Amino acid sequence: MTLPNEMGVSVADLCDAHEDEIEVCELQFKDYGGRTAFSGPIRTVRCHEDNSLVKATLATPGEGCVLVIDGGGSLHRALVGDMLGADAVKNGWSGVVVNGAVRDTAVLGTLELGVKALGSHPMRSVKRGEGVVDTPVAFGGVVFVPGDRLYADEDGVAVLPADD
């Protein structure tokens, strides 16, 4: 059964209610976190097989935000694992959505954190400090803009523009 997000409705119900303005990600993510339904304002990191900026961002106060990580769809190196997941929980992040891979999935599944990713891979990322934080990223037919609101559950990931 789909647990409601803070609005008290499922992503499917949000799609019905906001059909003209909601964007739905076309990628088929797998759930790896202890929470399958989560939502919050978007923050972003764009990186490729280098999670240095992911680590730095998750070490800051999350304040209920969702970190959207555009790893270019790479499944060669994991961008989030058990330690970064634990940091995310400790710092108040609602969840992470990874256009790429995660690892330590058994531990991620025990954390009170939403984690959606394309797959898992046991290799850790490289550390070069490369990437960009809090810039719009696009994948799966959606542009993820920092400050817009992301909603996720077992049915998928959707985005509504922030109230102006």
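Helices here are DSSP runs of H or I with at least four residues, strands are runs of E with at least two, and both are numbered from the N terminus. By that count, the protein has four helices and 12 strands. Its radius of gyration, taken over C-alpha atoms, is 14 Å, close to the 15 Å that the globule rule gives for 164 residues, so the protein is as compact as a globular protein of that length. That rule is 2.2 Å times the number of residues to the power 0.38.

A word on the ground rules: this is a predicted model, where local features need pLDDT of at least 70 and side-chain atom pairs count only at pLDDT 80 or more, while totals for chains, interfaces and linings use all residues. Residues are numbered from 1 along each chain as its sequence is written, and side-chain values use heavy atoms, leaving out hydrogens and water.

| Quantity | Value |
|---|---|
| Buried residues (under 20% relative accessible area, 1.4 Å probe, protein chains only) | 46% of the 164 residues |
| Residues 24 or more positions apart (contact: heavy atoms within 4.5 Å) | 73% of the contacts with a separation of 6 or more |

Now let's zoom in on T44, which lies in strand β3 (residues 38–46). T44 is buried, with a relative accessible area of 0%. Its side chain reaches the backbone oxygen of T135 at 2.6 Å. Leaving aside neighbours within four places in sequence, T44 is in contact with several residues, including L67, V68, V132, F144 and P146.

Technical notes
Buried means under 20% relative accessible area, exposed over 50%, partly exposed in between (1.4 Å probe, protein chains only). A polar contact is a pair of N or O atoms within 3.5 Å; within protein, one must be able to donate a hydrogen and the other to accept it, and residues adjacent in sequence count only if both atoms are side-chain atoms.
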